[in-house]
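I opened a new model today and kept notes as I went. Here is what I looked up.

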Amino acid sequence: MSQKLFLLPGDGIGTEIMAEVEKLIAFLNKNKNTDFFYEKGLVGGSAYDEYGVAISDEDMAKALEADAVIFGAVGGPKWDNVAYDKRPEAGLLRLRKDLGLFANLRPAICYQALADASSLKRELVEGLDILIVRELTGGVYFGEPKEIIELGDNEHGKQQKRAIDTQLYESYEIDRIARVAFDMAIKRNKKLHSADKKNVMISGVLWDEVVREVAKDYQEVEFHHILADNCAMQLVRNPKQFDVIVTDNLFGDILSDAAAMLTGSLGMLPSASLGAIDKKTGKRKALYEPVHGSAPDIAGKNIANPIAMIASFAMALRYSFNMIELADEIENAISGVLDDGLRSGDIMQENCQQVSTSEMGDAIIAKL
Ligand code: NAD
């Protein structure tokens, strides 16, 4: 049965790096016994220019039907003054909302050839392979009330205000993200840390209670609780102690950025966002995208690094299609071209050979 992909290249370098994924899909279909079928749509500024919205209803329907959405990047100065609800990012937010993507997966992998590009010592990051699973649709970013209240003047005639954000989680939200994380841990090194602030936050108490309950269903996974602040410290002290870290929206936002930068460049970082299991297909709704944006400063020059995009596609093979070996092969091919000394401009090092976006894509395919 063929696998249905929906490609949304977006804006800026999005189209250039997605072209490398298209080449890769054609290669896999021809040489690796896959049967990927794909359609392409518009999102972000390019959709605004064509349809006056950041994603059209037709393309949204195709995204909902696909087995996986592969997303490039959106945005750019051209659309800076577009109405708020039509701005390029609104396309990505609608995709996340309508696909119900509640789990954000951010791996931090340190390729041996790039270990010296990390801000940490080589021995601390060489061979690093961790996965942060962040809750994406709940918590303090969405909880109500969320407002600024005017309190009137104080005794010096200065106006006072009160700002409120609400950290809110229901047990089902914690249960489902914990299950995604334990499922990942089983496929990896069978170790999971759950990070919260249960020492000072009541939502953390519930978080921990629910995660511990879920842990009982995953006896083969070594489970640890860690306070989120200690987790941040341990990530920069000894990151290789971790395998999978599961945490809420706020802490996940911060911890995943910190973990990502252990490995060097933005152009190397893939991500996945997963939703509920579709009753018809038995598959989770899923969107795969590089962490970086549309890089307008280098767009159209064929110099962007396509590795984050290609590695995001490899995540789709791993998590949406269970093609573990093929995902490994692609990741090894990336590692191989780096070992050969090929570099895009953003990761260029002494004694290496600088290559273009398309040359990097070709080299990865040649390795395969
Ligand atoms: P950015 O990630 O686009 O770029 C930051 C810097 O990293 C730039 O110097 C860029 O050239 C470089 N860079 C990023 N990806 C690269 C790659 N693959 N290869 C080589 N260099 C790379 O972030 P920004 O400059 O803050 O934002 C630019 C636009 O992208 C804005 O409109 C922003 O809103 C948007 N954005 C979109 C997403 C997304 O689509 N998910 C994420 C972040 C930013």
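I found Pro 145 in strand 6 (residues 143-153). Helices (H or I, at least four residues) and strands (E, at least two) are DSSP runs, numbered from the N terminus. I then looked at the peptide bond from Glu 144 to Pro 145, which is cis, with omega near 0°. My second stop was Lys 190, in the loop between helix 6 and strand 8. Lys 190 is not a glycine, yet its phi is positive, about 60°. I noted the general rule: most residues other than glycine have a negative phi, and most peptide bonds are trans.

I also noted the ground rules. Residues are numbered from 1 along each chain as its sequence is written. The model is predicted, so local features need pLDDT of at least 70 and side-chain atom pairs count only at pLDDT 80 or more, while totals for chains, interfaces and linings use all residues.

**The sheet**

In what order do the 10 strands of the open sheet run? I read 2-1-3-12-11-4-5-10-8-9, with mixed pairing. Two strands pair if DSSP finds at least two bridges between them. Strand 2 (36-40) and strand 9 (222-227) stand at the edges; each has a single partner strand, so one side of each lacks a neighbour in the sheet. From one strand to the next, the twist averages 20°.

I picked one pair to check. Strand 4 (residues 103-109) and strand 11 (residues 270-277) are antiparallel, paired over three bridges. In this pair, Asn 104 stands opposite Ser 273 of strand 11.

Next I checked which helices lie on the sheet. Helix 1 (residues 13-31) packs there and touches strand 1 (3-10), strand 2 and strand 3 (68-73). The direction of helix 1 makes about 145° with that of strand 3. Axes are lines fitted to C-alpha atoms, for helices over the stretch in contact, and angles run from 0 to 180 degrees between N-to-C directions. Helix 6 (residues 171-187) also packs on the sheet, touching strands that include strand 4, strand 5 (129-135) and strand 8 (191-196). The direction of helix 6 makes about 165° with that of strand 5.

**Helix against helix**

I started with helix 1 and helix 12 (residues 357-367). Their axes are 9 Å apart, and the packing angle is about 25°. The two helices are therefore roughly parallel to each other (angles under 35 degrees count as roughly parallel, over 145 as roughly antiparallel, 65 to 115 as roughly perpendicular and the rest as oblique). Among the residues that meet are Ile 17, Leu 24 and Phe 27 in helix 1 and Gly 361 and Ile 365 in helix 12. Residues are in contact if their C-beta atoms, placed from the backbone, lie within 7 Å. By class, I listed four nonpolar, three polar and three charged residues in this contact. Ala, Val, Leu, Ile, Met, Phe, Trp, Tyr, Cys and Pro count as nonpolar, Asp, Glu, Lys and Arg as charged, and the others, Gly among them, as polar.

Helix 6 and helix 7 (residues 202-215) came next. Their axes come within 9 Å and cross at roughly 50°. These two are therefore oblique to each other. The contact divides into eight nonpolar, one polar and two charged residues.

**The ligand**

How many residues surround the ligand? I read 22, and the closest are Gly 75, Gly 267, His 292, Gly 293 and Asn 305. Near means that the C-beta atom, placed from the backbone, lies within 6 Å. The shell has 10 nonpolar, eight polar and four charged residues.

Key. Contact = placed C-beta atoms within 7 Å.
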